[in-house]
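Open the model in your viewer and keep the selection tool ready.

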Amino acid sequence: MRLTQATLEHLDLLTPLFVKYREFYGALPFPDSSRAFLEKRLRRKESVIYLALADDDDTKRPGFFQLHPIFSSLSPKPVWTLHHIPVAEEARLTLTARTLLTPSRQP
C-alpha cells in the first residue's frame with residue numbers, strides 16, 4: 001500500500017469511501033453533496049486528504065484520512081486535526097487504518 005496526497009483528480013476514488021463512512025454513522029448517503037463537500041475542502045485548501053492506494057492497482061482505494069487545520073493560542077502556526085478515516089469494507093481487517101496512521105508512512 002502506498003500513501004498519496006489526494007487532489008481533485010481523486011474525487012471519484014474518495015467519494016464512495018466517504019459516502020460509506022457517513023452511512024456507517026447513520027447519515028443519509030447523499031453522494032452528490034458528499035462529493036461537493038470533499039471538492040470544496042480541497043479547492044479551498046481547507047483540508048488535506050491522504051489516500052491509501054493498493055500497490056498493484058490505483059483503482060483500489062483501501063482508505064483515506066482527512067486533516068483539517070485549527071489554530072492554537074499556544075502555537076504560532078496551524079495545527080492539523082484528524083477528522084475522518086474511512087476504510088473500505090474489504091480492507092477493514094487488514095490493518096489499513098493502522099497503516100494510514102503509522103508515522104513513518106506520513107509525509
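This is a predicted model: local features need pLDDT of at least 70, side-chain atom pairs count only at pLDDT 80 or more; totals for chains, interfaces and linings use all residues.

Numbering runs from 1 along each chain as its sequence is written, and side-chain values use heavy atoms, with hydrogens and water left out.

A salt bridge here is a side-chain nitrogen of Lys or Arg within 4 Å of a carboxyl oxygen of Asp or Glu. That rule gives four salt bridges.

Start with glutamate 46. It is partly exposed, at 30% relative accessible area. Its salt-bridge partner is arginine 41, with N to O at 2.7 Å. Arginine 41 is buried, at 12%.

Next, select arginine 43 and glutamate 39. Their closest N and O atoms are 2.9 Å apart, in a salt bridge. Both sit in helix H2, four residues apart, or about one helical turn. Helices are DSSP runs (H or I, at least four residues), numbered from the N terminus. Arginine 43 is exposed at 54%, while glutamate 39 is partly exposed at 24%.

Last stop: arginine 35 and aspartate 12. Their side chains form a salt bridge at 2.6 Å, N to O. Arginine 35 belongs to helix H2 (residues 31–43) and aspartate 12 to helix H1 (residues 11–24), so the pair ties together parts 23 residues apart in sequence. Arginine 35 is partly exposed at 30%; aspartate 12 is exposed at 57%.

Methods. Helices (H or I, at least four residues) and strands (E, at least two) are DSSP runs, numbered from the N terminus. Buried means under 20% relative accessible area, exposed over 50%, partly exposed in between (1.4 Å probe, protein chains only).
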